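The sequence and the structure come first.

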Amino acid sequence: MKGLYCLLSESAEDVKFVIQETEPPPAVSDHYVKVQIKACALSPLDTKLLADLKLQKDVVPVGREIAGVVLEVGPKVTFFQPDEEVVGILPLDAEVSGLCDVVLVQEHHLVPKPEKVSWVEAAGTIRDGVRSYTALHVLSRITAGNTVLVLDGASPFGTIAVQLAHHRGAKVLSTALCLEDMHHLEQLRPTVVRVINMSDGKADLVESCLEETGGLGVDIVIDAGVRLYSTEDESTSKKLLPHKHDIITILAVGGHWVTTEENLQLDPPDSRSLFLKGATVSFLNDEVWNMSSAHQGKYLHIMKDVIEKLSSGIFRPQLDNPVPLYEATVSMEMVQKKQVRKRHVIQL
């Protein structure tokens, strides 16, 4: 049985992806389910997070967002029966790659998949859906009438976040990093009230947001990374990111800033500005759901709701054409280097 794995060197940034043989899964026990994999989504591997949680190994399994068919269930499994279609996210400490033919997974990491949802749609949406729920419902408490700014709204995560915000009755603004992204955002229905094109350097994020909100600012900002400081030798991708001061400026009174920037540094003037607005800063780390069993019920509820919204057409993910297993190593290298945003692998 073959799977995709990451070979780590002394430098956590220097990684190599390989397809290698692995042992077949052992017999099912207790709350475990044996699943035949039909599709798996590839997202960037956070080697620093694995090291922080003491989960880093020389060989790390790759591919955690899975969809497949239940082959066998353990004696204590209550949620599933053989031949049911399921979707889920393998835990960070999983010993097996999601690209293996068959995986053994605890039942509390899976939810049912409706027949009308394709394998690729299910695997490709589940994690972005969980992240969007975490950002909008858990961290920022979105309500109808809020104004939400989703940075890089054409990304797989950004698209789902925009659609979830629309579903909750929010007014949505977004940024585009290229003309193709801008075209994608302009075609979304319900419409994004303003798409700010950051690719040519002519648009002013602060001016655009304050103009759209009548000078009041936005209630919720979900970033895709921020610039902590400005230097002459910044890469092009970094220059497309907003500065942290811009984010603070466009926040409304009582606003929420949800950031993916794990190394965010706030200077005293930044903290003072947030204090005066009564604004909050939250860090978006969707892995927290698996770090405490106390949140397991809420986590399963969120995953079920994501798949229900996918089935009903509320979520319409942006998906690339899936690739076969033999192209997984090249695809994962592109994902890790951020040359592409996401890749989906199907088992032929």
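The model is predicted, so local features need pLDDT of at least 70 and side-chain atom pairs count only at pLDDT 80 or more, while totals for chains, interfaces and linings use all residues. Residues are numbered from 1 along each chain as its sequence is written, and side-chain values use heavy atoms, with hydrogens and water left out.

**Salt bridges**

The side chains of arginine 127 and glutamate 287 form a salt bridge at 3.0 Å, N to O. Arginine 127 belongs to helix 2 (residues 119–139) and glutamate 287 to the loop between strand 14 and helix 9, so this pair ties together parts that are 160 residues apart in sequence. Helices (H or I, at least four residues) and strands (E, at least two) are DSSP runs, numbered from the N terminus. A salt bridge is a side-chain nitrogen of Lys or Arg within 4 Å of a carboxyl oxygen of Asp or Glu; by this rule the count is 20. Side chains of opposite charge can pair when their charged atoms come close. Arg127 and Glu287 also take part in a network of salt bridges that links Arg64, Glu65, Arg127, Asp128, Arg131, Asp286, Glu287 and Lys342.

Arginine 341 forms a salt bridge with aspartate 152. The two lie in distant parts of the chain, 189 residues apart: arginine 341 in the loop between helix 10 (328–336) and strand 16, and aspartate 152 in the loop between strand 9 (147–150) and helix 3 (156–167). Arginine 341 is partly exposed, with 35% relative accessibility, whereas aspartate 152 is buried at a relative accessible area of 12%.

Arginine 343 forms a salt bridge with aspartate 320. This pair likewise links distant parts of the chain, 23 residues apart, with arginine 343 in strand 16 and aspartate 320 in the loop between helix 9 and strand 15 (323–324). Here arginine 343 is buried, at a relative accessible area of 15%, while aspartate 320 is partly exposed at 38% relative accessibility.

| Arginine 341 | Aspartate 152 | 2.7 Å |

Strands of a sheet pair through backbone hydrogen bonds, either parallel or antiparallel. Two strands are taken as paired if DSSP finds at least two bridges between them. Strand 3 (residues 32–42) is mostly covered, with 8 of its 11 residues buried. Strand 3 runs antiparallel to strand 5 (residues 65–73), to which 8 bridges join it; within this pairing, isoleucine 37 has glycine 68 as its bridge partner. Strand 3 also pairs in the antiparallel sense with strand 7 (residues 102–106) over 5 bridges, where valine 33 stands opposite valine 105. A further antiparallel pairing, over 4 bridges, connects strand 3 with strand 16 (residues 343–346), and there cysteine 40 is the bridge partner of valine 345.

An open sheet of 6 strands, with parallel pairing, has the order 11-10-9-12-13-14. Strand 11 (194–197) and strand 14 (280–283) stand at its edges with a single partner strand each, so one side of each is left without a neighbour in the sheet. From one strand to the next, the twist averages 15 degrees. Strand 14 pairs with strand 13 (residues 251–259) in the parallel sense over 4 bridges, and histidine 256 has threonine 280 in strand 14 as its bridge partner.

**Surface and interior positions**

On the surface, Leu53, Val288 and Met291 form a nonpolar patch. Methionine 291 is located in the loop between strand 14 and helix 9 and is partly exposed, with a relative accessible area of 43%.

Lysine 309 lies in helix 9 (residues 296–312). Is this lysine 309 buried or exposed? Lysine 309 is buried, at a relative accessible area of 10%. Apart from neighbours within four places in sequence, lysine 309 is in contact (heavy atoms within 4.5 Å) with Tyr133, Leu164, His167, Ile314 and Phe315.

Conventions: Buried < 20%, exposed > 50% of the residue type's maximum accessible area, 1.4 Å probe, protein only. Axes fitted to C-alpha atoms, helices over the stretch in contact; angles between N-to-C directions. Patch = residues over 30% accessible without salt bridge, like charges linked within 9 Å, V, L, I, M, F, W, Y side chains within 5 Å. Areas by Shrake-Rupley, 256 points an atom, 1.4 Å probe, with all protein chains shown as cover.
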